[in-house]
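These are my notebook entries on a structure that I had not examined before. I record what I looked up, in the order in which I looked it up.

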Amino acid sequence: KDAPKAFPSPATPKPVAIRAGTKQAEIIALIQRPEGASIAEIVEATGWLAHSARGLISGGLKKKLNLPITSEKVAGRGTVYKLEAA
């Protein structure tokens, strides 16, 4: 019989590599600026819809990559996302 397959523990963090030249890398660069980036600015830079940009920030960057992204409402810009550069 086949031996049972070993699955990595869900608590084991996966190494994360951010590939240069991707939309994800572009968004990370935008939100690392001192002024951060609004959803409108991210949409303009990537060509994505607003819900896709918010989904990447929430799911991909905050949850999967565990990046400390903050958001705040700014008059005239809407919600602005910031990531303190390491």
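**Entry 1: salt bridges**

How many salt bridges does the count come to? I note first that the model is predicted. The count comes to 4 salt bridges.

I began with arginine 33. Its side chain meets that of glutamate 35 in a salt bridge, at 3.5 Å from N to O. Arginine 33 also forms a salt bridge with glutamate 41, where the closest N and O atoms are 3.3 Å apart. I then followed glutamate 41 onward and found that its side chain meets that of arginine 77 in a salt bridge, at 2.8 Å from N to O. This last pair links distant parts of the chain: glutamate 41 sits in helix H2, arginine 77 in the loop between S2 and S3, and 36 residues separate them. Through shared partners, the salt bridges join Arg33, Glu35, Glu41 and Arg77 into one network.

Glutamate 35 has 39% relative accessibility and so counts as partly exposed. Arginine 33, at 29%, counts as partly exposed. Glutamate 41 is partly exposed, with a relative accessible area of 28%. Arginine 77 counts as partly exposed because its relative accessibility is 28%.

**Entry 2: the overall layout**

I next turned to the secondary structure, which comes to 3 helices and 3 strands. Along the sequence I read the pattern α-β-α-α-β-β. The chain has 86 residues, of which 24% count as buried. It exposes about 6,300 Å², and carbon and sulfur atoms supply 57% of that area. Among contacts with a separation of 6 or more, 45% come from residues 24 or more positions apart.

**Entry 3: the strands**

How do S2 and S3 pair? I found them antiparallel, with 6 bridges. Within this pairing, threonine 70 stands opposite lysine 82 of S3. The hairpin of S2 and S3 has 3 residues between its strands, and glycine 76 there takes a positive phi near 85 degrees.

S3 is also joined to S1, by 2 bridges, and these two strands run antiparallel. Here alanine 37 has tyrosine 81 in S3 as its bridge partner.

**Entry 4**

Which residues of helix H1 are buried? H1 spans residues 23–32, and I listed Ala25, Ile27, Ile28, Leu30 and Ile31 as buried. An α-helix has 3.6 residues a turn, so residues three or four places apart point the same way. I then asked what covers the buried residues of H1. The cover includes strand S1 (37–38), helix H2 (39–46), H3, S2 and strand S3 (78–83).

The largest nonpolar core holds 15 residues, and those touching the most other members are Ile27, Ile31, Ile42, Ile57, Leu61, Ile69 and Tyr81. H1, H2, H3 and S3 each supply at least two residues of this core.

Leaving aside its neighbours within four places in sequence, isoleucine 69 is in contact with Ile31, Ile57, Leu61, Lys62, Tyr81, Lys82 and Leu83.

**Entry 5: the loop between H3 and S2**

My last entry concerns two residues of one loop. Leucine 65 lies in the loop between helix H3 (50–64) and strand S2 (69–74). Is leucine 65 buried or exposed? Its relative accessibility is 18%, and buried means under 20%, so leucine 65 counts as buried.

Asparagine 66 is found in the loop between H3 and S2. Asparagine 66 is exposed, because its relative accessible area is 63%, and exposed means over 50%. I noted its backbone as well: asparagine 66 has a positive phi of about 60 degrees, although it is not a glycine.

Conventions
Residues are numbered from 1 along each chain as its sequence is written. This is a predicted model: local features need pLDDT of at least 70, side-chain atom pairs count only at pLDDT 80 or more; totals for chains, interfaces and linings use all residues. Side-chain values use heavy atoms; hydrogens and water are left out. Buried means under 20% relative accessible area, exposed over 50%, partly exposed in between (1.4 Å probe, protein chains only). Contact means heavy atoms within 4.5 Å. A nonpolar core is a set of buried Ala, Val, Leu, Ile, Met, Phe, Trp, Tyr and Cys residues joined through side-chain atoms within 4.5 Å. Two strands pair if DSSP finds at least two bridges between them. Accessible areas come from the Shrake-Rupley method with a 1.4 Å probe; for residues, only the protein chains shown count as cover.
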